[in-house]
Amino acid sequence: MSEPLRSGGWSVRPSFVPHGPTSPVTLLADDRGLTQLAGIPDVAWQTPWSELSSLQLARFSRGMALFATAAGVRYCWRTKRLDDFEAWREVVLEHGGEVTRRQRRAGVFAVIAVVLLASFAGGIAAFFSKGSSNGHELSAARAVNVTLKDLPAGWTTTTSSALGYLFPPSNQVVTSTTTPASTTTTSATSVWSRVSAQFQTCMGVTAKRDRVYGAAGQMPDYQVSSRVLSATSNFLQVASITQYYATTTMVKRDVAEMSKKDFGACFAASNASLILSGNSGAATIGSPGTNWQPQTFTRGWSRGGVVTLTQLGATVPVHLVMVEAAAGHFEVTLGALVTSWPQSESFLANLVNTLLSRITSTTSTAV
């Protein structure tokens with residue numbers, strides 16, 4: 001390294017010590033190691049390069065993130081600045097790290113890709129590394145999701161559902177420090193490319209500007225899903241996933257794209273293609289979807305869509321209903337598989353109202 005690098009304007013997660021400072025952070029890199037100056041006044045932590053592993057620098061459309069593992073803990077430093085990117089690129093590569101340009105897709109869609117990878121590759125248990133900082137935001141995200149207490153008597157949890165291709169296990173928490181494994185497959189890449197192109201063509205947006213599957217997407221601080229819940233009296237299954245974002249502006253930017261006329265139809269159709277691809281093991285594009293606007297009485301924003309799944313081998317048509325809801329720091333996705341549509345419309349609209357009431361209120365929570 002020719003000259004020491006000093007770079008300000010960072011934050012870190014998790015903190016180096018319990019309840020320690022996480023911002024503002026200044027990073028110093030020299031031949032000896034990586035030094036972090038955090039808090040006011042500065043507290044310094046220096047770690048030799050020999051004690052840091054799995055270095056990774058990721059560039060986003062609005063900033064960058066530096067990842068490193070020390071003493072078994074995965075740390076993530078984030079900044080909205082890009083002026084030092086080339087300098088950090090040299091540092092990371094010099095010490096055997098990896099430099100990537102990561103597509104910051106909205107959290108749920110990144111998870112969909114992971115589930116597909118798992119189905120094609122036979123499982124990648126270490127794909128997600130759970131962050132050690134589970135604060136108020138994570139608790140709030142958990143409290144939003146649909147539970148059995150929101151449903152009539154007779155509902156149960158199930159582990160056998162095509163919704164499993166879209167919603168990860170409820171005990172899996174995705175954080176902004178999530179680091180993907182390097183294992184991918186040609187089949188999974190093909191599926192992701194085709195489904196992304198399907199959505200972008202449907203929406204009339206380029207991959208560069210797409211905030212759903214494309215390069216303009218963003219990662220939430222936390223993401224957690226519900227269990228898949230099933231009615232025993234008829235074929236009706238539901239699940240939800242909640243993302244908490246660092247700023248309300250991030251949510252507003254997503255809502256701006258999702259408010260376009262055909263979002264609900266395009267969203268439902270692309271998710272149906274992901275289910276069909278996961279079920280068949282190959283890239284499979286399903287039928288076009290239709291828009292559905294849930295009738296809601298609470299504040300907040302929501303849009304939905306419906307598509308018929310004709311290739312799952314069911315004796316009766318199965319409809320996939322997908323709804324996005326957003327307010328404040330939260331974005332919530334509700335998914336449902338139903339055999340009776342539009343008879344289930346009112347029931348699902350009530351669930352959307354329940355979710356909206358939770359993300360527009362700081363006191364309303366699920367138990």
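Is Trp-341 buried, partly exposed or exposed? In this predicted model, Trp-341 is partly exposed, with a relative accessibility of 21%, where buried denotes under 20% relative accessible area, exposed over 50% and partly exposed the range in between (1.4 Å probe, protein chains only).

Residues are numbered from 1 along each chain as its sequence is written, and side-chain values use heavy atoms, with hydrogens and water left out.

Aromatic pairs were assigned to rings of Phe, Tyr and Trp (its six-membered ring) with centres within 6.5 Å; planes under 30 degrees apart count as stacked, over 60 as edge-to-face and the rest as tilted. By this rule there are 11 aromatic pairs. Helices (H or I, at least four residues) and strands (E, at least two) are DSSP runs, numbered from the N terminus. Trp-10 is buried at 2% relative accessible area, and Trp-88 is buried at 1%.

Trp-341 itself pairs with Trp-292 in an edge-to-face arrangement, at 5.2 Å centre to centre and 90° between the planes. Because Trp-292 lies in strand 14 (residues 290-292) and Trp-341 in the loop between strand 17 (330-338) and helix 7 (345-359), the pair ties together parts that are 49 residues apart in sequence. Trp-292 is buried, with a relative accessible area of 7%, whereas Trp-341 is partly exposed.

Phe-16, Trp-45, Tyr-75 and Trp-77 make up one aromatic cluster.

The structure contains 1 disulfide, defined as a pair of cysteine sulfur atoms within 2.5 Å. The bond joins Cys-202 to Cys-266, with an S to S distance of 1.9 Å. Distant parts of the chain are linked by this pair, with Cys-202 in helix 4 (residues 186-203) and Cys-266 in helix 6 (residues 263-280), 64 residues apart. The torsion about the S-S bond of Cys-202 and Cys-266 is about -75°, and the disulfide is therefore left-handed. Cys-202 is partly exposed at 37% relative accessible area, while Cys-266 is buried at 1%.

Key
This is a predicted model: local features need pLDDT of at least 70, side-chain atom pairs count only at pLDDT 80 or more; totals for chains, interfaces and linings use all residues.
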